[in-house]
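User: Hi! I'd like to learn how to read nonpolar cores and aromatic contacts in a model. Could you walk me through them?

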Amino acid sequence: MYLSSKLAITVTCASVLVASGLLIWAFYHRDYSIAYVFKNSSNDLPAFYTLTAFWSSLEGSHTLWTALLAIMGTIAVWTSSRDNEHIMPYVSASIQAVLAWMFYLAITHSDPFVLNLPAPPNGRGMNELLQNYYMAIHPPLLFTGYTLLGVPFAYSIAALCYGDITEGWLKTIRRWTLAAFIFLTAGITLGGRWAYVELGWAGYWAWDPVENSSFMPWLLATALLHSLLVQEKLGHLKRLSIVLGIGAFFMSYVGTFLTRSGVVSSVHSFAESPIGPNYLYYLAGTVLISSGIYAFRAPSILPSDTEKVWGVSKESALVMTQFLLLSFAAIVFIGTMFPIVSEAITGQRISVQAPYFNMFAPWVGLGLILGIAIGNLMRYQSDKIPNGKVIILGAIVFAIPVTLFLIYMGDVMATKKTSSLIAQLVGLYLASWAIGCLFGDIYFRLKDMRFKFGLFFDRNLAYFGGWVAHIGMMIAIIGFLGNYRGLEERVTVHAGENFSFFGYRFEFGQEGIQVKQVLNATHYEAHLKIFREKDNVMIEDAHPAQSRYPTKDQVFNEIAITGNIWHDIYVVLVDFDKVSGKRVTFQVNINPTVRIVWGAIVLMVIGGIIALLDKYRGNRSRDVVAGAWEVNS
């Protein structure tokens, strides 16, 4: 019967891929007899965006979601290890139950093949804001992350049904969760990058409900990775891992509900759709069924050592880290859902804005800095920190010049608001100190192995991946702190005039606004030369613009961004004289350390990939490598 199940999900996967291929074919052949193609394409759409139009709206994104889940499910059932054979029927059933629900939605509320006859000669066009390379990549990565979480979800349900967790379960769920972490991190970041270069508000994260909905599964997946560490080493937190495995996937559907139901107003969300209540039914059903199974089966899943006393140790630090991640997830969840709930109960929407989230974020960041710095130095089942005094004191000294360097290069002391300045000084020093602790930790680990790098990486690839990701996290915090000192200036100038801001001179060209055709859009470009005033060197020949697409009367911003690692110069063409083109209004933002954030998140992704390559994590064959070390030493 299980073989039939494997064949069934394989055929399902092949079928949905064929359907996806047919939809893409319809887009490329401008087959406007299909309503979805008519609504999201047009004759002028460039070839690349014709492909991405596939997932640019409700029906197509739902089809992509379903296809990716089918792919992940098929891979999961055909690559399972012998250790998991006894639970695979439950795994397959769980994934296919979700797929069945997705197919129900596809044929009832999000059918991408609804006919539109007679076929019009041209389509309405793709959403202009989505005609951006970052937005083209962002959804597939994010959906891949979501659907990867479907496998840990299925294994969690399977563990509950079977009544125990095996070593094979641990190893498998860790790999799938790590893969989800990598794709979610990359997907969320590219979404932020799209907002930064496309929307013209000079930021990359606004605590938008849809942004939050992608952040919550990331927080739960990250907490799950930390829970699995404790479970692997000590056999504890099995039930927490199961809850997090279910919760992370559940949150990905919460995000899907927010995006597709029309209950929130967001640039990311699709139009209001009757599919929303169905997602609510699904979420309620998932909670009800999962809770019911957990209530009956969880008592049979016990830690390997029920007598353990939780004291000062690495496992306690990991638990504290999970507490911070889950607390932050709860804060974000409350802030995201409160307007929806308040409207449902009182009929009046009470919106929760960024200050609510920003009130908690610094404290969570502070806790994570301390947890990462100290937690990485600690060892399991021990209150001792090997070389702790040397590392911590050394990091205290190390952080002083690093912080001074960051303050000087980042022009931090120019911050006008005292509280913002103090927050940056404290944050920069603590993040630098944490980086010092991480470097001290890896130095002494290498020293203990006599700097035999090959053997070190054989035994500690997962540790090294986590180390790189944690370094990335600390550098990201340094980058986030730049938000405290951003500057903004709005000026109106005539052709040939110039203005100065933040040590730069901006010269608006004599020719005024120029009209250019870029792909399918008409650009109204301003030629703006940017000079560094101290040495009169031109650093950028910028062309901020407004664009107009043939299918819409609205104009869109085309941002000009230049600068260096310490700050971006972000220029928006706000308005211009439509008759003469000789008078324009620019908005110029100085955005500190944004590029540090992008680089740091790349490090986090690389760290996740490195950790994923550790074939020994959660596997007894690690002992073989340990044995090689004993022999070689």
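Analyst: Happy to! Keep in mind that this is a predicted model. The largest nonpolar core has 163 residues, and Trp169, Tyr253 and Met474 have the most contacts inside it. Helix H8 (residues 167–198) gives the largest share of this core, with 17 residues.

User: Which residues does Tyr253 touch, leaving out those up to four places away in sequence?

Analyst: With those left out, Tyr253 touches Trp65, Leu69, Val98, Met102, Tyr279, Tyr282 and Leu283. Tyr253 also belongs to one aromatic cluster, whose members include Trp65, Tyr279 and Tyr282 as well as Trp101 and Phe249. A second, separate core has 22 residues, among them Val493, Phe506, Ala526 and Phe576.

User: And how should I read an aromatic pair?

Analyst: A pair of aromatic rings is described by the distance of the centres and the angle of the planes. The count here comes to 43 aromatic pairs. In one of them, Trp207 and Phe328 lie 6.0 Å centre to centre with 80 degrees between the planes, which is edge-to-face. Trp207 sits in the loop between H8 and helix H9 (209–234) and Phe328 in helix H12 (residues 314–346), so the pair ties together parts that are 121 residues apart in sequence.

User: Are Trp207 and Phe328 buried or exposed?

Analyst: Both Trp207 and Phe328 are buried.

Methods
Residues numbered from 1 in each chain as written. Predicted model: local features only at pLDDT ≥ 70, side-chain atom pairs only at ≥ 80, totals over all residues. Heavy atoms only, no water. Core = buried A, V, L, I, M, F, W, Y, C linked by side-chain atoms within 4.5 Å. Buried < 20%, exposed > 50% of the residue type's maximum accessible area, 1.4 Å probe, protein only. Helix = DSSP H or I, 4+ residues; strand = E, 2+ residues; numbered from the N terminus. Contact = heavy atoms within 4.5 Å. Phe/Tyr/Trp six-rings, centres within 6.5 Å; stacked < 30°, edge-to-face > 60°.
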